[in-house]
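Shall we walk through a helix and a core together? Have the sequence and the model at hand.

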Amino acid sequence: MAWQRGKRITALWAINENDNAWVWVDSLGWRKCDRRSNTTNMLILGATGKAGGTLVDFNEEMVDGKMSIIEMYVW
């Protein structure tokens, strides 16, 4: 697990499939909203950070070969 601090989310992507939502994190690229952490709620937090232009802190880990956000805080 690795904490990323003081990052900005600048793009969102989702499709009408189970557990398939992503956020673009500046300087890191696309990160999957992990299904174990409730994908919808994680995307809502990402959207809140993007809309407000605020900094986010998140915990990420490799899940099924993809860097995935498993916990997020929006300041």
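This is a predicted model: local features need pLDDT of at least 70, side-chain atom pairs count only at pLDDT 80 or more; totals for chains, interfaces and linings use all residues.

Q: How far apart are the end C-alpha atoms of helix α1 (residues 39-52)?
A: Helix α1 has 14 residues, and at 1.5 Å a residue they should span 20 Å. The distance between the end C-alpha atoms agrees with that expectation: 20 Å.

Q: What arc do the buried residues of α1 cover around the axis?
A: The residues to look at are T39, M42, L43, G46 and G49, which are buried. They lie on the same side of α1, because their arc around the axis is only 120°.

Q: Which exposed residues does α1 carry on the face turned away from its buried side?
A: Let's begin with the buried side: its residues pack against β2 (9-14), β3 (21-25), β4 (29-33), β5 (56-63) and β6 (66-74). The face turned away from that side carries the exposed residues T40 and A51.

Q: Which element gives the most to the largest nonpolar core?
A: This core has eleven residues: I9, A21, V23, V25, C33, M42, L43, V56, F58, I69 and M72. Two or more of them come from each of β3, α1, β5 and β6. With three residues, the element that gives the most is β3.

Q: Which residues does I9 touch, not counting residues up to four places away in sequence?
A: I9 is itself one of the residues of the largest nonpolar core. Leaving out residues up to four places away in sequence, I9 touches V23, W24, V25, G46, K50, V56 and M72.

Conventions. Residues are numbered from 1 along each chain as its sequence is written. Side-chain values use heavy atoms; hydrogens and water are left out. Helices (H or I, at least four residues) and strands (E, at least two) are DSSP runs, numbered from the N terminus. The expected span of a helix is 1.5 Å times one less than its number of residues. Buried means under 20% relative accessible area, exposed over 50%, partly exposed in between (1.4 Å probe, protein chains only). The arc is that of the directions from the helix axis to the C-beta atoms. Contact means heavy atoms within 4.5 Å. A nonpolar core is a set of buried Ala, Val, Leu, Ile, Met, Phe, Trp, Tyr and Cys residues joined through side-chain atoms within 4.5 Å.
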